[in-house]
Amino acid sequence: MIGLFIIVLMFVPIGLGVFWPTMLIYVSLLTGPMPLTVGQEQGLFTTPWGRMDLPSIHLLGLLVAACLVVLLRIERVWQHVSLWRFHACFLLFCILSLVWAPSFIYGVRTLAKLSSPFLFLMLIMLVVSSQRQLRMMERLILVSGVLMVALAIGSVMAGMTTFGGEERLTILGHPPAIFSVHLVATSALAMANVKYGNAIRYWPLVAVFSIAVVGAVTRISIMALFGALSVILFMTRTGLARVIFPVLGLVGAPAVFLLNDSFRNRMFYQGHEQTAEGILSNPFSSFEYLNLTGRFGVWREAWNQFFLTNPL
């Protein structure tokens with residue numbers, strides 16, 4: 001929606017300059033994680049490219065708008081692509097794989113997801129050229145995190161954030177995973193600014209974002225949060241604190257899942273609830289009951305069918 005609107009503006013003569021491409025970046029950072037609906041039903045549409053909902057159309061608009069900006073500056077793209085040549089080669093391989101993909105449409109949709117971060121990176125490299133723009137981008141990312149937490153608190157107060165029979169922190173129209181993974185990035189950015197900015201201002205943001213990530217009860221996001229903060233603490237501290245704080249962070253993630261009943265029960269399949277004492281006394285016996293979601297089964301099938309039979 002917003003992206004398609006910006007595409008129209010791009011055809012205005014002033015839009016071919018710096019202003020509108022910069023605004024595209026700013027709007028994307030501020031509104032990207034925001035919901036377009038106020039409930040779980042997001043309005044599915046059937047298109048020649050498969051079923052799409054409102055957030056998908058929103059992201060498609062941003063993708064097309066970013067692509068247009070990059071094409072208008074194609075002569076400068078190659079100098080930046082060379083910095084990430086391995087990622088570019090990976091995307092070229094993905095494009096080539098469409099030749100043997102069982103579903104061309106599904107392959108194109110997957111390619112859009114894989115190429116979007118790289119495209120957005122190219123957009124920033126081509127448009128952002130000053131420290132002022134970088135500071136504005138940082139502020140917008142942090143503001144988006146604050147807005148998401150505020151919306152999540154409003155959702156909790158309205159009693160409308162139940163997922164899988166559990167009260168989990170998120171915003172209406174988004175599952176907890178999307179909500180929490182965005183806040184991991186904002187929390188890491190705030191933590192980095194503790195060292196290089198006003199610590200009194202950024203420590204509360206780190207605390208609020210981290211608590212919200214844990215409140216979403218999403219395992220991967222929580223592990224990512226502890227890992228990201230540990231790395232930043234290791235890189236920004238000196239002396240004994242450089243070792244103590246990262247170790248506390250890395251130990252904290254397993255402790256959350258071991259000592260809290262809700263988190264521990266989510267780690268195992270139903271009917272195989274484990275106690276903290278049992279896991280610590282014999283951790284290997286608990287591995288077979290770990291609920292690692294379906295993606296691990298998919299990786300196993302991909303390995304067996306697409307690699308072991310013929311690595312090429």
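**Exercise 1.** Is L248 buried or exposed?

*Solution.* The model is predicted, and each value below is computed from it. Begin with the position: L248 belongs to helix 11, which covers residues 241–259. Next, take the relative accessibility of L248, which is 54%. A residue is called exposed over 50%. L248 therefore counts as exposed.

**Exercise 2.** Determine which residues form the positive surface patch, and which helix gives the most to it.

*Solution.* First, list the members: R132, R135, R139 and R201 make up the positive patch. Second, turn to the helices. Helix 7, residues 131–157, gives the most to the patch, with 3 residues. R201, by contrast, is placed in helix 9, residues 199–215. Third, examine the accessibility of R201. Its value is 52%, and the limit for an exposed residue is over 50%. R201 is therefore classed as exposed.

**Exercise 3.** State where Q133 is found and whether Q133 is buried or exposed.

*Solution.* Q133 lies in helix 7. Its relative accessible area is 5%, and buried means under 20%. Q133 is therefore buried.

**Exercise 4.** Identify the residues that make the nonpolar surface patch of about 470 Å², and locate V99.

*Solution.* The patch is made by F93, L96, V99 and W100. V99 is situated in the loop between helix 5 (85–97) and helix 6 (104–127). With a relative accessibility of 68%, V99 counts as exposed, because exposed means over 50%.

Helix 5 also holds L92. The relative accessible area of L92 is 55%, so L92 is exposed. In sequence, L92 and S115 are 23 residues apart; in space, their C-alpha atoms are 9.9 Å apart.

**Exercise 5.** How many aromatic pairs does the structure hold, and what is the arrangement of W303 and F307?

*Solution.* The structure holds 2 aromatic pairs. One is formed by W303 and F307, with 4.5 Å from centre to centre and 25° between the planes. Planes under 30 degrees apart count as stacked, so the pair of W303 and F307 is stacked. The last step concerns accessibility. W303 has a relative accessible area of 46%, and F307 has a relative accessibility of 36%. Buried means under 20% and exposed over 50%, with partly exposed in between. W303 is therefore partly exposed, and F307 likewise counts as partly exposed.

Conventions: Residues numbered from 1 in each chain as written. Predicted model: local features only at pLDDT ≥ 70, side-chain atom pairs only at ≥ 80, totals over all residues. Heavy atoms only, no water. Patch = residues over 30% accessible without salt bridge, like charges linked within 9 Å, V, L, I, M, F, W, Y side chains within 5 Å. Areas by Shrake-Rupley, 256 points an atom, 1.4 Å probe, with all protein chains shown as cover. Salt bridge = Lys/Arg side-chain N within 4 Å of Asp/Glu carboxyl O. Lys, Arg positive; Asp, Glu negative; His and termini not counted. Charge placed at Lys NZ, Arg CZ, Asp CG, Glu CD. Helix = DSSP H or I, 4+ residues; strand = E, 2+ residues; numbered from the N terminus. Buried < 20%, exposed > 50% of the residue type's maximum accessible area, 1.4 Å probe, protein only. Phe/Tyr/Trp six-rings, centres within 6.5 Å; stacked < 30°, edge-to-face > 60°.
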